[in-house]
Structures are given as structure tokens and as C-alpha cells.
Amino acid sequence: IRRIKELDPTKIIVVGGPEAFNTWFESMLYLDYKIPRGTIDYCIKGEGEQELLTLLENYNEMPSTSGEMQTLGGMKSNLDLNLLPFPDYSDYNLDDYQHSDGVSIETSRGCVAKCTFCAETHFWKYRWRDSHKVIDEMKFQIEKYGINRFWFVDSLANGAYTEFKNLVHAIIDEGLDIRWNSYARNDGRMDLDLFKKIHQSGCTVLSFGVESGSQQVLDDMQKKVKIWEITLRELLIV
């Protein structure tokens, strides 16, 4: 940020992300990172898609920041994921990336749990996309960019359990020749047949958050997961 402003002081700097909602955000910027006050023009809190678009569309009418960081948005945003447009990579040269055949995709946002160690539920309200919308996006990216790998950026792909199963079966039924990976929650409803379907759909890695093998510790964390759900998953995978 400092370097951009040194090269061109007229450039507008907008920051956001999970840290932006914390009370210590400004002190972190100015005291820890030593970023001079007046360097950052806008801070977006909460979900950024609509707020950033609003800023871009109305920038010429926005009041001057007068050297102070202005805050946009808030923590109560609740965008309908099914209405968001598909990501547009037409001005990217995907060959410049280590995995030129893959892109990120979002099937849900947030988490169904409220673990004591995690800030996720403080800034995301859990929502998921209909499986057919995810399939439509996959087909679009495959046809337009030749993509065959998808990184699910969800905190847990199986939070909406039924919709997750629908997606797995839809990938198979549509005959999509893809590879995908994501994070998941230990869920005792995931049986051997589902794991076989997950593998058949092209999943290469499904990372589970275990945290502890002690039920007491899991309960103190408010994980709302039982030891048998973790050990059952391990047995099924082995």
C-alpha cells in the first residue's frame, strides 16, 4: 500500500476482509504495519461484492475522504449466493498460474457451527447455493476456459448436507470430468456409499477439522461433534 501511494498518490486504496471488522483493525494498520494515516481511503466491512460495486459505480459522487479512512458496509449483509454472477476470468492469463486448469468456486458461505475458537460466525451468516446453480457455473467455466479442476472455497462443503449430496450426485449424473477438493465437517451421516460417490465425482482431497480426540475438549470448544463421528470417518476412509 505504501509503495503504491509512493508511485502514484492519486490512486484510491480500498481494504477489507475478515480482519476489517475487528476493533483493533485501525491500530494494526497504523501502529503495527506503520501505514501512514491518509494512505487508505476506504474500508469495506462484511461482504464486499455489493459494497465494492457501489463504490465503483458512485465514486465520482462520493464525498472526499479528506485524508481519513471511510468505512462502507457492515456486518449484517446477507447476500443471496444464488444471485451472484459467475466469476469472469476473461482478462486473466491463466497460463501465468501454477495450476492453469483450475479456478475457485463457492458452494456455501459461513459455517453451521459456532466453535469458541473461530470468528467465522461473527462475519458470515451461513448460506448455500442450490446444487444446480453450482453445476451451471462449473459447465460455464469448463466450456469457456477449459477448466477441469475446482477448488471449493467453502469453510465446509457439507454444511447443507442434503444439498451437498445433491451436488455430488449431479456431478456424476452430468458426466463432468473434473477434479475438486474442499473442507468438510465431521458428520456421522456420511456413510461409505456417500464417500464412494464423493470419490467418483472427482474429489481428490476432503479436509476435515478434527481439533481433538477428547470429547471433553470438543465439548468445551462447542464443536457439536462426537468422537464416534470422527473415528467412523477414519474407518470408512481407510
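Student: Hi! Is Ser-131 buried or exposed?

Tutor: Ser-131 is buried, with a relative accessible area of 11%; buried means under 20%, exposed over 50% and partly exposed in between, using a 1.4 Å probe on protein chains only. A word on the source: this is a predicted model, where local features need pLDDT of at least 70, side-chain atom pairs count only at pLDDT 80 or more, and totals for chains, interfaces and linings use all residues. Residues are numbered from 1 along each chain as its sequence is written, and side-chain values use heavy atoms, with hydrogens and water left out.

Student: Where is Ser-131, and what is Ser-131 in contact with?

Tutor: Ser-131 is in helix 5; helices (H or I, at least four residues) and strands (E, at least two) are DSSP runs numbered from the N terminus. Beyond its neighbours within four places in sequence, Ser-131 is in contact (heavy atoms within 4.5 Å) with Glu-163, Asn-166 and Leu-167.

Student: New topic: which residues touch the most other members in the largest nonpolar core?

Tutor: Met-138, Phe-150, Trp-180, Met-190 and Ile-198, out of 29 residues. Such a core is a set of buried Ala, Val, Leu, Ile, Met, Phe, Trp, Tyr and Cys residues joined through side-chain atoms within 4.5 Å.

Student: Which helix gives the most to this core?

Tutor: Helix 6, with six residues. There is also a second, separate core of eleven residues, including Val-15 and Tyr-30.

Student: And where is Glu-106 found?

Tutor: Glu-106 lies in the loop between strand 4 and strand 5 (108–109). Leaving aside neighbours within four places in sequence, Glu-106 is in contact with Leu-81, Arg-129, Val-153 and Asp-154.
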